[in-house]
Every structure is written in structure tokens, then in C-alpha cells.
Amino acid sequence: MKTFCFKFFSVLCGFLMSSVSMSSAFAADTDIAIIFYSRSGNTEQLARFSSEFTGGDVFRIEPSPAYPDGYHATVDKVKEEMNAGILHGFKDINIDLSKYDTVILASPTWWGHIPSPLENWLKTVAVSFNGKKVVTFNSHGGSGVANTRADFEKVLPSAKFGTHLSVSGSPTKEQVENWLKENHII
């Protein structure tokens, strides 16, 4: 009986160890990129939840030069750039989009549109989105989806778009989970 229990325990431990290593290998080999721009943290929350559910690689788009620290100063600068048709610069991110089949794009809505550093970055890599599944998200302070979805579609005409999630403020984990399931990502 002692020998049987030892053999059973050894087989069970071997099975559990191989299961753990398989799931770890799967998480490290994700084909999902989560790319976001966030100023207040609301959109960043969507990126964190998406990564928790998918194991996807997360990339943050940052403005270059940085916007002013104060909210009102940033709003004034963004409005000035939009009125002049200026696309704000961005810091380079190290991403090889060819490694990803699915891309989650997350953005706040600024004056009804995606922020110009994100738009500018997307324009420089648009050809890399050819045929990729893209799902989009926007956080807002009351404007709803506005033009954010249309902006994504205009900049990435060769992508295959899933559904869009629009949330006032910060998204809940349940909202993100349901959206990812709706798009067959999880």
C-alpha cells in the first residue's frame, strides 16, 4: 500500500508540474498586444485588466515632449494643437507588431477624438495592422464614444475590427471581461 501511494503521488506531482509549466509557457507566448494612452489612469486600468485576463503584452504610448503637468494647461495645449492640425510627438516604444494577431487599443477621448500622440504613433505603424484583429476602448468624462472609434478605423483601414467598449471614467473588471469574451479573446 505504501508503494502504491508513493507511485500515485509521484505521478500526480509530475502531472501537476507539467500542467503548471504548460500554462506558464502559454502565458509567455501570447499573441495579444495591449497598447494604450492614458493621462488620468482610467485607460491604464483597462490595460491592466486586459492583461490580467489575456496575459497580453502591455505597451504605453507616451507624449514627447511631455504635456504640462496641470490638467487645464494640458487641455489648453491639446486644444491649440487640434485647432492648428498638429499631431503631438510620442516616445518610441519597442514593439514588433508582427508577433501579434490581436491588438487591444485603448484611449481616452480628448475633444471627441483619440489623443494626437496615439494617432501619430498609429499612423507610423498603420501598415503593420493589415489583417490584424483589433478591438478598441475609450474612457471619457461624459462624451461617450464620440469620434474615437471612427478615428481608429480611419487610421487603420486594413485592420479587422471587433467591438468597441466606451466607459465613463474607469472601467470595471466585469466590463472588461464581458467585452473580451464578446470579442472571443478569452
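1. First, a word on labels: helices (H or I, at least four residues) and strands (E, at least two) are DSSP runs, numbered from the N terminus. With that in hand, look at Tryptophan 111, found in the loop between E3 and helix H4 (116-125). Tryptophan 111 is not a glycine, yet has a positive phi of about 50°.

2. Before going on, note that this is a predicted model, where local features need pLDDT of at least 70, side-chain atom pairs count only at pLDDT 80 or more, and totals for chains, interfaces and linings use all residues. Residues are numbered from 1 along each chain as its sequence is written, and side-chain values use heavy atoms, with hydrogens and water left out.

3. On confidence: pLDDT is the predictor's confidence in each residue, from 0 to 100. The chain averages 87, and 84% of the residues score at least 70. Residues 3-28 are the stretch to watch, with pLDDT under 50 throughout and one contact (heavy atoms within 4.5 Å) beyond four places in sequence. Where pLDDT is low, the predicted coordinates should not be read in detail.

4. Now the sheet. Five strands make an open sheet in the order E2-E1-E3-E4-E5, with parallel pairing; two strands pair if DSSP finds at least two bridges between them. Strand E2 (57-60) and strand E5 (160-168) sit at the edges, each pairing on one side only. From one strand to the next, the twist averages 15°.

5. Zoom in on one pair: strand E4 (residues 133-140) runs parallel to E5, joined by seven bridges. Asparagine 138 stands opposite serine 166 in E5.

6. Helix H2 (residues 42-54) packs against helix H6 (residues 173-182) at about 55°, with the axes 10 Å apart. Axes are lines fitted to C-alpha atoms, for helices over the stretch in contact, and angles run from 0 to 180 degrees between N-to-C directions. That angle makes H2 oblique to H6, since angles under 35 degrees count as roughly parallel, over 145 as roughly antiparallel, 65 to 115 as roughly perpendicular and the rest as oblique. On the H2 side the contact includes Leu46, Phe49 and Phe53, and on the H6 side Val176, Trp179 and Leu180.

7. H2 also lies across strand E1 (32-36), E2, strand E3 (102-108) and E4, running at about 170° to E1.

8. Finally, a cis peptide bond joins serine 64 and proline 65, with omega about 0°. Proline 65 is in the loop between E2 and helix H3 (71-84).
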